[in-house]
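Come along and check each entry against the picture.

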Amino acid sequence: MYYYLLSALLFLAAGTSFAQTTVNGSFDHGGITRTYSFYVPASYVAGQPVPLVLNLHGLGTDGEYQAENRDFRPIADTANFIVVHPDGSVEPNINQRFWNYGNVNGSTVDDIGFLEALIDTISAHYSINPARIYSAGMSNGSFMCYYLACQSDRFAAVGAVTGSMSIDMYDNCTPSRPTPAIHIHGTSDPINPYNGNGTMKAIEEVTAYWVDQNNCNTTPAITPVPDIDPDDDATAERYLYSGGVYNHTVELFKVTGGGHTWPGHYVFTLSGNTCMDFDASKELWRFFSQYELAPASTESQISAELLLWPNPSEGMIHFGNGNQPITEIIITDMLGKMVEERSGFYIDQVDLGHLKAGNYLARISGDGFYVVRKMVKL
């Protein structure tokens, strides 16, 4: 009864624009009543597709805790995406909520099916861009994110904080498409050790796996993160593996001295230091915002030779792509907010003169290809 009432309210709400809101809901899946909430920013307008971000909690917490302590909602307000906070099911042996990333403790709970059904439920009432669905998670939730990348074909990119891949997951991962991945992990994590253990892979092995899946360069560009809070007893470096298929990248934030924590969001814990030199939520969204769902086959045409000039530019940027016509260009700022959209039979230039100085991303596509390029407006 409650679910059908919720559906009716969602249908009415989806026809208009409205103030920011949080919607709570539930439905039965696999014989279990599954619960969730999702946050809709005030900028949402029905009929204009927006990205969807799943934000998965860790073992023993729930979606509400994840929303409050690993928060994407202020970013969603600016970048205009819907963020979902599902609840894992209760594992009977420990009586705590968890995500089943493949026979965890012998569990048969179908969490992939639940999360895909949740995407479909929200998409039935809100305008979701199916090519821009992402999953981020903390600890057990980030194990689940990698499992989604291995087993589901719905996610354009995934992000993991303080989790890893189980050895079984690593050995049996069968992704249907290359999936960009970003990982954030403390070297002093006492729960999921940076160097792995008997049940989980070392973080640098996990990173290398996704570098290989995306055919990225194996030598990263390493950039120190400014140590803006010297009192947090942690520092960080960003490892960027670029040059992948479809212009994909893989990133690792190695947090030296960091614990089992979400950088930038301090919560009292006995599980180590929280690095406050960067905001994990912002970095995850920055990474996600670059990507749309890759084709399932790497045989699709990739516009590796696409040219744009001058770049940086004070105004007009020209595009060239050989004999492949460019039919759509979408330009976003670095938080993923669309600032320019062009479509047509043949596009060869865009005027950036009305934009503020700064960095932007251009998603450039045509028949059988798309590519993302960074642009700089002077």
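Entry 1, a bridge. I looked up Met316 and found that its bridge partner in S17 is Asp351. I am noting here that this is a predicted model.

How many bridges join strand S14 to S17? I found three, and S14, which covers residues 316-320, runs antiparallel to S17.

Entry 3, the sheet. I then traced an open sheet of three strands, in the order S13-S14-S17, with antiparallel pairing. Strand S13 (307-309) and strand S17 (349-351) are its edges, since each pairs on one side only.

I wrote down a volume of about 530 Å³ for the largest pocket. Which residues lie nearest its centre? They are Pro49, Val50, Arg132, Ile330 and Met338, out of 23 lining residues. Several elements each give at least two residues to this lining, among them helix H3 (73-79), strand S7 (128-138) and strand S15 (326-333). Sorting the lining of the largest pocket by class, I got eight nonpolar, eight polar and seven charged residues.

I found 27 residues lining the second largest pocket, with Gly58, Leu59, Ser139, Asn140 and His260 closest to its centre. Helix H2 (63-69) and helix H5 (140-151) each supply at least two residues of that lining. By class, the lining of the second largest pocket has twelve nonpolar, 13 polar and two charged residues.

Key: Residues are numbered from 1 along each chain as its sequence is written. This is a predicted model: local features need pLDDT of at least 70, side-chain atom pairs count only at pLDDT 80 or more; totals for chains, interfaces and linings use all residues. Side-chain values use heavy atoms; hydrogens and water are left out. On a 1 Å grid over the protein atoms alone, a cavity is a set of points where a 1.4 Å probe fits but cannot get out, and a pocket is an open set with protein on both sides within 12 Å along at least five of seven lines; lining residues have an atom within 4 Å of a point. Grid points are joined across faces, edges and corners, and a volume is the space filled by probe spheres set on the points. Helices (H or I, at least four residues) and strands (E, at least two) are DSSP runs, numbered from the N terminus. Ala, Val, Leu, Ile, Met, Phe, Trp, Tyr, Cys and Pro count as nonpolar, Asp, Glu, Lys and Arg as charged, and the others, Gly among them, as polar. Two strands pair if DSSP finds at least two bridges between them.
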